[in-house]
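Here are my notes on the assembly, point by point. They cover the interfaces and the symmetry.

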Amino acid sequence: MSNTKSTSRPVSPLVQNNSRRDFLRKTGLTALIGGVTAACGIEDSAAQGSKPMNADHSGGTMAPNPAPVSVAAAAEEMDRMHEAGVKAFPAKTAGKGNQLLKPRIENGVKIFELTAKKMRWETMPGQTVEAWAYNEQIPGPQIRVREGDRVRLTLKNELSESTAVHFHGLEVPFDQDGVPFITQPPIKPGKSFTYEFTVPNAGSHMYHSHHNAAMQVGLGLLGAFIVEPKDPLPIEKVDIDYVLIMNDGAHGYTFNGKSFPATEPLVAKLGQKLRIRFMNEGMMIHPMHLHGMHMTVIAKDGWMQPAPWKCDTLNVAPGERWDVIVNCNNPGTWAFHCHILPHAESNHGMFGMVTALIVK
Amino acid sequence: MSNTKSTSRPVSPLVQNNSRRDFLRKTGLTALIGGVTAACGIEDSAAQGSKPMNADHSGGTMAPNPAPVSVAAAAEEMDRMHEAGVKAFPAKTAGKGNQLLKPRIENGVKIFELTAKKMRWETMPGQTVEAWAYNEQIPGPQIRVREGDRVRLTLKNELSESTAVHFHGLEVPFDQDGVPFITQPPIKPGKSFTYEFTVPNAGSHMYHSHHNAAMQVGLGLLGAFIVEPKDPLPIEKVDIDYVLIMNDGAHGYTFNGKSFPATEPLVAKLGQKLRIRFMNEGMMIHPMHLHGMHMTVIAKDGWMQPAPWKCDTLNVAPGERWDVIVNCNNPGTWAFHCHILPHAESNHGMFGMVTALIVK
Amino acid sequence: MSNTKSTSRPVSPLVQNNSRRDFLRKTGLTALIGGVTAACGIEDSAAQGSKPMNADHSGGTMAPNPAPVSVAAAAEEMDRMHEAGVKAFPAKTAGKGNQLLKPRIENGVKIFELTAKKMRWETMPGQTVEAWAYNEQIPGPQIRVREGDRVRLTLKNELSESTAVHFHGLEVPFDQDGVPFITQPPIKPGKSFTYEFTVPNAGSHMYHSHHNAAMQVGLGLLGAFIVEPKDPLPIEKVDIDYVLIMNDGAHGYTFNGKSFPATEPLVAKLGQKLRIRFMNEGMMIHPMHLHGMHMTVIAKDGWMQPAPWKCDTLNVAPGERWDVIVNCNNPGTWAFHCHILPHAESNHGMFGMVTALIVK
């Protein structure tokens, strides 16, 4: 279990209820809610299957509590928790991932430096988890280059075990592919490795660990590697270009390293054209549902689709990237979430994979 | 666990075996089947991961029983149970969901009334579960309007907790979107809320709870919201228009609220053109496989695909809707089921997400 | 649990570590690795959810061991295990599935004979499991015919329970569809059944049990049924035609019946055109990721897509078949694996759904 000790700064109302058991004990609701849950035919075991590992939002066996509480009071309490979550959004947390990494340029080569290191990361107010990160960010810093650029990237390994970087989606030469014992030796603790290649193909790609990766990627060793095309198509000319990386490992259900209410809202002006680059770095599918407007799908794994097509719920599988365009023509604060509902809401309110598209 | 008390009316042979443990105890098969299962390398724990929460079709720890039974007798018993399930199809149960709801029309406005209420619901003969339903149906009554219609819909909440309706896929104005604390206050127990909007976009959409939704939708608060286009395409001119809603929550694996053998068969005459509107209201993918004929995919989430494409197995993720056309040109009673096999069959026969397309 | 007794022939270094508990006990690493796992916030329960049922690659509760070992030694040991797996690839095992079955031809009819029988099957060196197989192969022998061919196929059942064969994707007449109690009686132990039909539609199809199928297919009763078109399209003219069948049942995570490092590499010469026919016979999605080159998707369930499209990660759901073309223009030994990382790697190295595309 991750450490969930609160930071010392003021916490939002939602956070005060973060420890469900403590909260319920205080209000005497445990027996009641256990009873309601059982009566509804919802088993704890089922809920547990899909809850984030280090959260305590739903399910859980609770000690019986004889204090009588009315059904109405429980319903009121549920609404109060839902409201607190929404009111707290967007909640402030320490740390922000996916920040653009400016390269140093030497003789026309774009030079990037990454350091992999253990740290602590706040996924939502009061929830701080063990993390392995590039440059102390989750997702790691955004790398954004142009098709045909020469790139040199040095990874320094300050972890306690070996690692390596795979450029997922980039058709690099074999010795730059980042798979230990196949394309290179592992990068041992304390050592560095430098990758260098000419960027071969445009699109929404990723970089992540390819060594002990089920654990290392789950702990945060991942980031976006965006390659702008030499000749963008007219449909790619947008006002806002947004990267949304999903993960569902040791940090729970996250968008760009944060869980609701600490997720970042997407903000657009009425009439603007928004591009969203979905990237799934997790172990589960996440069908992303946008309220109020549809999405036009233009690319898969960085390759333009032969014909754009429309949807409001886009199923993103692990390792996939999908690019969509949203014409922001319906004003409001639109819910935008994974439609596997236990990834997004419990009887304690929305959590995890929820954010909003705000059209002003 | 849900209440599985039988109703008083006569039950089919399948139902008599509904309680596996009782049945096995009577026939002395428990030790044997436990042994066969272990010998096959199939672990109970794996089977349990995918079984419906309130069913007892597969897996389960059984008390040892010393009575010796031959392997052949167990195989015969397995066939007998498979046959009983098929023979019972389509089995009668109380209640039918997805019935067309005729609106009242006032000044050109189509008026619909929904009441959300707790009830009991029979998913298959002898299996009655706790349910939360719209107008005492699961799925709720089918709403079917035309692009551009003015719609007024009142939801009365007779549940013990708050709720709200989201029109999933409809691009309604913000204050009609049904997300408590974001677009409206929650509808408290005993209260009503009226939605009103001009229907903006055609297609196969849904309505469902967006409050404590992982529980409320799982318990039955969902339905189809079909919007017929002003100008249908030639490919949309069909003989039969069928809605198939999947769910996998508290009621087990269901099509339109029922589990095999109580699922409804689709019936067509040879040469007819059938449209199926798949809608997934569950938490898991369901790749739908049709035997004997292929499906031509024409729409995703209510939006026409740029070019129709063919398949026999269509993966439907939570929140997605897919429309397909089947040219019913192969006579027979064709199995039609989710191809995640543990959602459709156990060693006790077919169950859950199985129905048939009957072409006469 | 399956029997994991080693065969008597020499085993690779990887195999010597096959029993994690024994290995760890010898090296005194148990306490340490348990500690590292806990510290990383990775819970065993999560890892268990996705590990193959009969493997012991990841997670698992271990007895505490007081022997002190350094973090550096544990990291070295992890690398050593990763290296041993890669070095062992492609590891030899007994048995090879998916071998082309040559028909006997009588009066223009192509005659195939299958026998379903219990056997033992080696999925990776030293891991031998209980299996139910067609002609002692997993996958069963590859059937490859031409559109319009007359086919007669006899299945002899030497299992201890009934079975039947369904031709998944073929639009055969109703009485040849292989669903017991609906299209035919079950084939009892010791009995045979003969199917005969004119092959109606081209493409990548499958044959598998449709009786107690969640268990029978999981144990190995499955194979490829390829139908070559009368008039292949230019894009279908390839140098190599490869079938890759995924399964995730009682035998763990397998490609064509084998787990890494015993999976078969795909080998191509630089410039060759490779067709891969993905087929998912399991219960879970498997998003297949190819390193170094993209895949052009040309067919779904045997039906040509209206326009080919490109990707590097293709999500294959249970029951689906997808055909892709790879232009082998990037030399190297490219990792090719399911991108649900716990299906492909643990802290003991790569395992399960991993192979390589070798471009020379």
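1. Salt bridges, chain A to chain B. The rule finds 3 salt bridges across this interface. One of them pairs B:Lys188 with A:Asp79, and the closest N and O atoms are 2.7 Å apart. Keep in mind that this is a predicted model.

2. Polar contacts, chain A to chain B. Here the rule gives 21 residue pairs in polar contact, both residues at pLDDT 80 or more.

3. Which elements give two or more residues to the side of chain A that touches chain B? They are helix H5 (71-88) and the strands E14 (286-290), E16 (303-311), E17 (313-316), E19 (332-338) and E20 (345-346) of chain A. H5(A) gives the most, with 8 residues. By class, this side of chain A has 22 nonpolar, 15 polar and 7 charged residues.

4. Extent of the A/B interface. The contact involves 44 residues of chain A and 45 residues of chain B. About 3,800 Å² is buried between chain A and chain B. Carbon and sulfur atoms account for 63% of that area.

5. Symmetry. What rotation superposes chain A on chain B? A rotation of 120° does, with 0.0 Å of shift along its axis and an RMSD of 0.0 Å. That is the relation of a three-fold axis. The copies use different surfaces: 5% of the contact residues of chain A recur in chain B.

6. Extent of the C/A interface. Chain C brings 44 residues to the contact and chain A brings 45. The buried area between chain C and chain A is about 3,800 Å². Of this, 63% comes from carbon and sulfur atoms.

7. The rule finds 3 salt bridges between chain C and chain A. Among them, C:Glu76 meets A:Lys188 through their side chains, at 3.2 Å from N to O.

8. Make-up of the chain C side. Helix H5 (71-88) of chain C is one of the elements that give two or more residues to the side touching chain A. The others are strands E14 (286-290), E16 (303-311), E17 (313-316), E19 (332-338) and E20 (345-346) of chain C. Which element gives the most to this side? H5(C) does, with 8 residues. The side of chain C that touches chain A has 22 nonpolar, 15 polar and 7 charged residues.

Note on methods:
Residues numbered from 1 in each chain as written. Chains lettered and ligands numbered in written order. Predicted model: local features only at pLDDT ≥ 70, side-chain atom pairs only at ≥ 80, totals over all residues. Heavy atoms only, no water. Least-squares fit on C-alpha atoms with pLDDT ≥ 70 in both. Contact = heavy atoms within 4.5 Å. Buried area = accessible area lost by both parts, 1.4 Å probe. Salt bridge = Lys/Arg side-chain N within 4 Å of Asp/Glu carboxyl O. Polar contact = N/O pair within 3.5 Å; in protein donor to acceptor, adjacent residues only side chain to side chain. Helix = DSSP H or I, 4+ residues; strand = E, 2+ residues; numbered from the N terminus. Nonpolar A, V, L, I, M, F, W, Y, C, P; charged D, E, K, R; others polar.
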